[in-house]
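Here is a short briefing on one protein model.

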Amino acid sequence: MGTLIRPGPAASPLPIASPSSSSAHVAVVGGGARSLRHRVSVSVAVFRSPSTQVLATRWRRRRGMVVRSDVVAGGAAAAAAGDSTRALPAMVVVHPLVLLFDRYRRRAQHYIAKIWATVTISMFYNLEVEGMENLPPNSCPGVYVANHQSFLDIYTLLTLGRCFKFISKTSIFMFPIIGWAMYLLGVIPLRRMDSRSQLDCLKRCVDLVGKGASVFFFPEGTRSRDGKLGVFKRGAFSVAAKTGAPVIAITLIGTGKLMPSGMEGILNSGSVKVIIHRPIQGNDAETLCSEARNVIADTLLLHGYGAH
């Protein structure tokens, strides 16, 4: 039986990148009813605290008929939804100590973010991680790279519990809650189409890796609109080549189907798989780029995706 969860007039705890969005579609499917594709439109006050009640709508299919019954449910789901409003204050409280004792890795901030992301996504989709043994410890700096399909990618990757610094366009920092959390995590800002900003970004990444922190790149530079892997830019791999840090390639499968690029007001039902590949070592950026892209492309092809 499938269960559709319809929030009230408050926001979804998932990061909705477009503040102009006025509605969202949420579908959560349980049991074996994977074919259920009903959606419930809900009004969303973007980035505001979620309400303490959730309207759960149960759909039963009998002889081609759909029967709907509404019940009011509080409890664990509502408590988890409110976790996003508690995570940011916790990050603010520990921030002075983080700057004093762990300015570059910011392990406390990332631990809070991991809990925030794990609790949030557990209400909306199933997550499977393969290859956790390939992740270096937090004490070992690395350059992480992955394919980019959806706004859900970052939330999904935060559950891995590694203290890598994402690179994000500067406009995202202006969003309440999400932007503030990014600042506290030490996310690196980048102005697209600005060569000076790109150079400063790469220099900062080299500096962070040299001081023991890890960095995370989406080498395609943007989200894929058709699910196919795009061309990789060499920036991430030049950082790895200069610092001698390993490249950890990660393949994300399914996030683009749940929340397609350009359709951030929609959350489909389904599951996500994260595959972590063995670290790649080398001192030639071109070779590192080719090897990382090939391993991600091959994995996507095995799962029915393509590559440009």
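Asp 102 counts as buried, with a relative accessibility of 14%. Its salt-bridge partner is Arg 107. The model is predicted, and the values below are computed from it.

**Salt bridges**

- The structure holds 5 salt bridges.
- Asp 102 and Arg 107 pair through their side chains at 3.1 Å, N to O.
- The burial cut-off is under 20% relative accessible area. Asp 102 is at 14% and is therefore classed as buried. Arg 107 is at 42% and counts as partly exposed.
- Arg 191 and Asp 194 also form a salt bridge, with N to O at 3.1 Å. Arg 191 is partly exposed at 44%. Asp 194 is partly exposed too, at 24%.
- Lys 211 bridges to Asp 207 at 3.3 Å, N to O. Lys 211 has a relative accessibility of 41%, which puts it in the partly exposed class. Asp 207 falls in that class as well, at 36%.
- As background, side chains of opposite charge can pair when their charged atoms come close.

**Cysteines**

- How many disulfides does a search of the whole structure find? The search returns 0.
- Cys 163 is buried, with a relative accessible area of 5%.
- Cys 140 is partly exposed, at 27%.
- A disulfide would be a covalent bond between the sulfur atoms of two cysteines.

**Helix H7**

- Helix H7 covers residues 235-243. Its buried residues are Ala 236, Phe 237, Ser 238, Val 239 and Ala 240.
- Which elements do the buried residues of H7 pack against? Two are helices: H6 (195-210) and H9 (285-302). The others are strands S7 (143-146), S10 (214-217) and S11 (247-253).
- Gly 244 follows H7. The phi of Gly 244 is positive, near 80°.

**Annotated span, residues 172-190**

- UniProt lists residues 172-190 as "transmembrane region", and the entry is unreviewed.
- In the model, the span is 42% helix and 16% strand.
- The end C-alpha atoms of residues 172-190 lie 10 Å apart.

Methods:
Residues are numbered from 1 along each chain as its sequence is written. This is a predicted model: local features need pLDDT of at least 70, side-chain atom pairs count only at pLDDT 80 or more; totals for chains, interfaces and linings use all residues. Side-chain values use heavy atoms; hydrogens and water are left out. UniProt positions are given in the numbering used here, feature names are shortened, and annotations may be inferred rather than shown by experiment. Helices (H or I, at least four residues) and strands (E, at least two) are DSSP runs, numbered from the N terminus. A disulfide is a pair of cysteine sulfur atoms within 2.5 Å. Buried means under 20% relative accessible area, exposed over 50%, partly exposed in between (1.4 Å probe, protein chains only). A salt bridge is a side-chain nitrogen of Lys or Arg within 4 Å of a carboxyl oxygen of Asp or Glu. Contact means heavy atoms within 4.5 Å.
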